[in-house]
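Reader: I am new to this structure and would like to learn how to read it. Please show it to me, and then I will ask about its features one at a time.

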Amino acid sequence: MKKSNNFYGYSLILAFFMLFLAARSQLITDFYNKSCPNLLTIVRTQVQNAIKVETRMAASLLRLHFHDCFVNGCDGSILLDGSDGEKFALPNLNSVRGFEVVDNIKSSVESACPGVVSCADLLAIAARDSVLLSGGPTWKVLLGRRDALVANQSGANTSLPSPFDNLGNITLKFANVGLNVTDVVSLSGGHTIGQARCAVFSNRLYNFSGPGIPDNTLDTNMLSDLQNLCPVNGDGNKTTFLDRNSTDLFDNHYFQNLLNQKGLLGSDQILFSSDEAKTTTQSLVQSYSTNPSRFFADFLNSMIKMGNISPLTGSNGEIRKNCRVVNS
């Protein structure tokens, strides 16, 4: 059956319209240039102040963005209060932090540009600034995200990579959000700053592969130090640095530690020492350990990719006035 010219004309118009919508929904670096021209300066000042008070906060803000993006995309849902929120999911409970700093950032931005900038975008900018102010690379943050109306606690419980996961599970969780093996290794390098609780690595210290047998991929001197810090039945909330001997500087030392069996988390050390790593992640760990420029380049590319996971744009979601609650 022959179709009319009108049909083809309509199809062409529809195609252009769909392309226009797609283009409109893409994140862009200058999204707030006119509506909130001082945004980046305001955020940078607040992040700088927070890191001066507590150096560890840089890692905490970076982690907030990571844990936000892996659950329903980068939509600020991790910031929502409530017992059914993502804050109270097992991977986040007594773990994610920095919410008061985000409150301060939001308050300063609202004073300058009320009702304009999303909490999701503030997390993305704060993560970039935290890396830069810790000595790491910088990048232009894509902006234009909107905030979720609901949190997803069950999604946080199942979607977030765990320090107890094997490499296959970690790789799968990254793949589920569109990230690849390079992203696994480069983003794990974010552990060059920050701390971890005994609760997430003490399984390696005592009965790892049998009664009284610790993880044999853990350096013996480091094992002894960690056993003193985290005795059996001790306080699981005690912390130590993720990157031994280079605690607060964003550099490639984390990967050098992995080569020397000094990765703190099991999910760190398996990137180099597991059987699966030999054909997947080990070569990248070796490369990053000697080539900080390659690590920085891959890390910033992976951060941009991660920041682009399923953002709410256009008329989806909202611009929260208070990052902890949806607008009334």
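Reader: Which residues line the largest cavity?

Author: First, the basis: this is a predicted model, in which local features need pLDDT of at least 70 and side-chain atom pairs count only at pLDDT 80 or more, while totals for chains, interfaces and linings use all residues. Residues are numbered from 1 along each chain as its sequence is written, and side-chain values use heavy atoms, with hydrogens and water left out. A cavity is a set of points, on a 1 Å grid over the protein atoms alone, where a 1.4 Å probe fits but cannot get out; lining residues have an atom within 4 Å of a point. Here the lining of the largest cavity consists of H65, A124, W139, K140, V141, L142, R145, M303, I304, G307 and N308.

Reader: What volume does the largest cavity have?

Author: A volume is the space filled by probe spheres set on the grid points, which are joined across faces, edges and corners. For the largest cavity the volume is about 80 Å³. The count of cavities of 30 Å³ or more comes to one.

Reader: Which element gives the most to that lining, and how many of the lining residues are nonpolar, polar and charged?

Author: Helices (H or I, at least four residues) and strands (E, at least two) are DSSP runs numbered from the N terminus. The most comes from α13, with three residues. For the classes, Ala, Val, Leu, Ile, Met, Phe, Trp, Tyr, Cys and Pro count as nonpolar, Asp, Glu, Lys and Arg as charged, and the others, Gly among them, as polar. The lining has six nonpolar, three polar and two charged residues.

Reader: How many disulfides are there?

Author: A disulfide is a pair of cysteine sulfur atoms within 2.5 Å. A search of the whole structure gives four. With the bonded cysteines numbered in sequence order, they pair as 1-4, 2-3, 5-8 and 6-7.

Reader: Are C36 and C113 buried or exposed?

Author: Buried means under 20% relative accessible area, exposed over 50%, and partly exposed in between (1.4 Å probe, protein chains only). Both C36 and C113 are buried.

Reader: What does C119 pair with?

Author: C119 forms a disulfide with C323, the sulfur atoms being 2.1 Å apart. C119 is in helix α5 and C323 in the segment after α13 (292-307), 204 residues apart. At -100 degrees about the S-S bond, the link is left-handed. The relative accessible area of C119 is 0%, so C119 is buried; C323, at 2%, also counts as buried.

Reader: Which residues does V109 touch, leaving out those up to four places away in sequence?

Author: Contact means heavy atoms within 4.5 Å. V109 touches C36, L39, I42, V43, P114, V117 and L122. V109 lies in helix α4 and is buried, with a relative accessible area of 0%. Its C-alpha atom is separated by 9.9 Å from that of Q46, 63 residues apart along the chain.

Definitions and conventions. 1 Å grid on protein atoms, 1.4 Å probe; cavity = no way out; pocket = protein on both sides within 12 Å on 5 of 7 lines; lining within 4 Å.
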